[in-house]
Amino acid sequence: MIARNSRTSAIALFLLLLLVTAGLAAVVPQDDEDRPVIIVSSGSVILSVSKGAWVPDGAGRFRQELPNGRDVQSFSARTGAGAAACTVTGASIVLTYGTNTITFERAMQAAPQRQRRRTDVRLPGNAAASLRDARSLVIATNDALVSFSNGGNRPQDTCRVAGGQLEIRQVH
Amino acid sequence: MMRQPRTAVVFALLVLLVTILSSACRSRDGDDDRPPIIVSTGSVIVDSKDVAWTDEGSGRYRQKESKGKSVKSFSATTGACVVAGEVLVVTYGTSDITLSPKRRWWFVKKDAQVEFPAGAVVNQPESGRLVLTTADTLVRVANENGVRCDVVDQRIEIRQVH
């Protein structure tokens, strides 16, 4: 009887000790490290076209190749929808993401279509750009799309990007 | 008598001009319209600064850090808006990412767990950095009580509260 009692007491004591230890471990974790901040952000910028192809042209440049494409006379860039839509037109469009810029500009096609202009894209020198497929140019970045402009200084020359997307029409 | 060859030359030049013009017009009709260029964001990144995420399956990732303090709740800041809670739901497009504290075992500290929607394409190209492939943008972050912030500049900073 005494032996049984002492065994029960020993088990109870052991469980109590275990509980106190676990409790202390949970309450006094001062030596533990602060967990890091978690940043959730948009992760890349994609330039996509429904036909033709993006072709690397060296030094952070890509050209939009469409062999029978019409002459590009200007650009019309638009973001948002309905009454909140914002449009900018110009001979070139400068898109800002974070503190970097991407420039859309016209360039003469090589022979035999020398009389026509195509669209060239100029990326920042250190941009990590890759082709996901021939029609999708991906720039790896943590920066979000901010605004685009035709280079003018008037308020109507710049739009803030809405909904993380804009459409740039190549005007013929 | 001398005028005939000159007329022939003028005629030939005229024919040449008409041919060039008609060819130019025909070529314009046959050319393709250049497509619009769509510029969009292509992914959502969940970055915890070098502390790796462990893949738990079913779209769940846990930040197992043996020496990390127990996570009690979260506090998210975007622009000037702050929302805090035990569970945070980040909405991108029409989908949600859920962040919650998860106990590892009985009596053991809690880790942060992030849960992506079923079918989401997620990878960890470098330690601590989860990349979700999507064309959708970040919309809002909300807590379990429905308090919410609309995302500003496509960025949310989430503190793990101990």
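Reader: Which residue is the bridge partner of I45(B) in β11(B)?
Author: The bridge partner of I45(B) is V131(B). This is a predicted model, in which local features need pLDDT of at least 70, side-chain atom pairs count only at pLDDT 80 or more, and totals for chains, interfaces and linings use all residues. Residues are numbered from 1 along each chain as its sequence is written, while chains are lettered from A and ligands numbered from 1 in the order in which they are written.

Reader: How many bridges join β2(B) to β11(B)?
Author: There are 5 bridges between β2(B) and β11(B), residues 129–133 of chain B, and the two strands run antiparallel. Strands here are DSSP runs (E, at least two residues), numbered from the N terminus, and two of them pair if DSSP finds at least two bridges between them.

Reader: Changing topic: how many residues of chain B are in contact with chain A?
Author: On chain B, 42 residues are in contact with 44 residues of chain A. Contact requires that the C-beta atoms of two residues, placed from the backbone, lie within 7 Å.

Reader: Which element of chain B gives the most to that side?
Author: Strand β14(B) gives the most, with 6 residues. The elements giving two or more residues are β1 (37–41), β2 (43–47) and β14 (155–161) of chain B.

Reader: What does β14(B) pair with in chain A?
Author: It pairs with β1 of chain A, residues 38–42, in the antiparallel sense over 4 bridges. In this pairing, I38(A) stands opposite I158(B).

Reader: Which strands form the open sheet?
Author: Its 7 strands follow the order β6(A)-β5(A)-β14(A)-β1(B)-β2(A)-β11(A)-β10(A), with antiparallel pairing. The edge strands are β6 (86–90) and β10 (128–133) of chain A, each of which pairs on one side only.

Reader: How many bridges join β10(A) to β11(A)?
Author: They are joined by 5 bridges and run antiparallel, with β11(A) covering residues 136–140. Within this pair, L131(A) stands opposite L137(A).
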